[in-house]
Amino acid sequence: MESSTDVTGMCGPPSPDQSKRKKKRDKVRSAWISFIGRILAQILGAVAMITLGLTVADRMNGDRTERAHAADGVLQRRTAPAPRTSGDLRPAVAVLPLASFSSDSGQRHLADGLMDELIGALEEIPGLRVVPRTSSMQYRLQPRSIPEIASELGVDFVVEGCLKRDGDRIRITLRVIDGKQNTSVGSETYNRPVRDALRLDTDLASSVARDLASIILAPAN
């Protein structure tokens with residue numbers, strides 16, 4: 001007798017157990033696909049953020065560099081002395097930072113204040129062209145010879161000086177130097193009580209400026 005083969009399980013519809021197992025596998029597969037998709041999305045997002053951050057940082061650095069160069073240019077334009085025009089025959093003068101032979105910070109402030117007052121007073125004299133304070137002040141930390149300073153600033157005369165305290169009085173010594181010849185063309189000395197010098201009266205600066213101007217303008221007379 002021939003035996004018959006039951007092919008119901010092979011070709012027929014799946015059994016309930018097979019259907020459950022298939023659904024479970026599909027569910028697990030979908031979960032893994034979703035999980036991997038989220039991971040990839042996070043990685044791509046992080047890469048994009050890093051790229052964007054680097055681009056923005058590079059652009060900001062470039063902007064800061066451009067602004068720094070622009071600021072340097074503005075500073076150089078501000079501190080550079082005004083060029084002399086072909087028709088300007090006025091003698092040009094620069095007042096250097098005044099030396100102070102003392103560790104007293106108050107005396108240093110006095111020297112700087114007198115320098116400012118003196119420059120302002122000299123600027124009021126029509127026959128002179130005066131270099132701004134910002135151009136002269138650099139030579140406190142960057143010493144140069146008088147001819148070098150005169151050449152760099154484009155001036156004919158350089159005023160240098162010092163302050164020295166003697167008891168309750170201040171001695172101010174100023175000297176006018178020919179920038180090209182590097183020779184002194186005149187000097188002035190002033191003695192003032194400390195209390196008067198500390199006030200930095202404009203009368204004192206004006207008096208000193210007139211004395212210096214008479215020395216500078218004398219060769220032209």
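**Burial and packing in a predicted model**

Student: Is S100 buried or exposed in this structure?

Tutor: This is a predicted model, and the relative accessibility of S100 in it comes to 13%. Residues under 20% are classed as buried, so S100, at 13%, counts as buried.

Student: Which residues does S100 touch, leaving aside those up to four places away in sequence?

Tutor: S100 has its place in strand β2, which spans residues 99–100. With residues up to four places away in sequence left out, the contacts of S100 are Q107, R108, A111 and L163.

Student: Why are the buried residues of α5 on the same side of the helix?

Tutor: In helix α5, residues 146–153, the buried residues are I146, I149, A150 and L153. They lie on the same side of α5 because the arc they cover around the axis is only 95°.

Student: What do the buried residues of α5 pack against?

Tutor: The residues in question are I146, I149, A150 and L153, and just after this helix G154 takes a positive phi of about 65°. The packing partners of the buried α5 residues are β1, α4 (133–137), β4 and β5.

Note on methods: Residues numbered from 1 in each chain as written. Predicted model: local features only at pLDDT ≥ 70, side-chain atom pairs only at ≥ 80, totals over all residues. Heavy atoms only, no water. Buried < 20%, exposed > 50% of the residue type's maximum accessible area, 1.4 Å probe, protein only. Helix = DSSP H or I, 4+ residues; strand = E, 2+ residues; numbered from the N terminus. Arc of directions from axis to C-beta. Contact = heavy atoms within 4.5 Å.
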